[in-house]
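Work through the exercises below with the sequence and the model side by side. Each task is followed by a worked solution.

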Amino acid sequence: MTIDWLHFTPASALAGGALIGLAAALLILLEGRIAGISGIIGGLLHSPSRGDSAWRLAFALGLVAAPLLYRVLAALPESRIDAGWGTLVVAGALVGFGSRLGSGCTSGHGVCGLSRLSPRSLVATLVFMSAGFATVFVCRHLFV
């Protein structure tokens, strides 16, 4: 394994992580809610109450607005997706199914749940990280 030092960006990764942590901390301190994306979006889609939808919508809009704002300030990094639309749709459906099955997504369990020392989130994070490692191994080494 080699590291592409030209594209290694620890400063932006640290800044992004700090912003995610700050957003998660503010949401739990100000609203008493966990910043799990699947739960926030799911709450918008399943007949939210009037007072409950405002913060959910603001959070979702922030997810869309952040890269747009970044684009104004700097050039977006080039992205390349080596998969067709069918693969992306199936992958998205599997992620959605997994987040429902696991009662939360990677952001809810991995960021917020672990910081609250939730045993359920620890198990969920170990399971999805292990599944990710296994998937990468199989795709890169067995299906060559």
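On a 1 Å grid over the protein atoms alone, a pocket is an open set of points where a 1.4 Å probe fits, with protein on both sides within 12 Å along at least five of seven lines; its lining residues have an atom within 4 Å of a point. Grid points are joined across faces, edges and corners, and a volume is the space filled by probe spheres set on the points. The model is predicted: local features need pLDDT of at least 70, side-chain atom pairs count only at pLDDT 80 or more, and totals for chains, interfaces and linings use all residues. Residues are numbered from 1 along each chain as its sequence is written, and side-chain values use heavy atoms, with hydrogens and water left out.

**Exercise 1. The second largest pocket**

Task: Find how much space lies in the second largest pocket, and describe its lining by class.

Solution. 
- Start with volume: about 600 Å³ of space lies in this pocket.
- Next, the lining: it has 19 residues, and Leu19, Ile20, Ala23, Leu63 and Ala66 lie nearest the centre.
- Helices H1, H3 and H5 each give two or more residues to that lining. Helices (H or I, at least four residues) are DSSP runs, numbered from the N terminus.
- Now sort by class. Ala, Val, Leu, Ile, Met, Phe, Trp, Tyr, Cys and Pro count as nonpolar, Asp, Glu, Lys and Arg as charged, and the others, Gly among them, as polar.

**Exercise 2. The largest pocket**

Task: Determine which helix gives the most to the lining of the largest pocket.

Solution. 
- The space in this pocket is about 710 Å³.
- Its lining has 21 residues, with Leu94, Val95, Gly98, Ser99 and Phe128 nearest the centre.
- Two or more lining residues come from each of H4 (85-101), H5 and H6.
- H4 gives the most, with eight residues.
- By class, the lining divides into nine nonpolar, eleven polar and one charged.

**Exercise 3. The fold and its core**

Task: List the elements of the chain in order, then locate the largest nonpolar core.

Solution. 
- The chain has six helices and zero strands. From the N terminus the order is α-α-α-α-α-α.
- The C-alpha trace spans about 50 × 40 × 35 Å along its principal axes.
- Of the 144 residues, 17% count as buried. Buried means under 20% relative accessible area, exposed over 50%, and partly exposed in between (1.4 Å probe, protein chains only).
- A nonpolar core is a set of buried Ala, Val, Leu, Ile, Met, Phe, Trp, Tyr and Cys residues joined through side-chain atoms within 4.5 Å.
- The largest such core has seven residues: Ala24, Leu27, Ala35, Ile40, Trp55, Phe59 and Cys112. H1 (10-31) and H3 (50-73) each give two or more of them.
- Look at Cys112. Leaving aside neighbours within four places in sequence, Cys112 is in contact (heavy atoms within 4.5 Å) with Ala24, Ile34, Ala35 and Ser107.

**Exercise 4. Helix lengths and packing**

Task: Check the spans of H6 and H1, then find what the buried residues of H6 pack against.

Solution. 
- The expected span of a helix is 1.5 Å times one less than its number of residues.
- H6 (residues 119-142) has 24 residues, so it should span 34 Å; its end C-alpha atoms are 33 Å apart, which agrees.
- H1 has 22 residues and reaches 31 Å from first C-alpha to last, close to the expected 32 Å. Gly32, with a positive phi near 70 degrees, follows H1.
- In H6, Ser121, Ala124 and Thr125 are buried. The buried residues of H6 pack against H5 (106-115).
- Take Thr125. Its relative accessible area is 13%, so Thr125 is buried. Beyond four places in sequence, Thr125 touches His109, Gly110 and Leu114.

**Exercise 5. Positive phi in the loops**

Solution. 
- Ser103 lies in the loop between H4 and H5.
- Leu117 is in the loop between H5 and H6.
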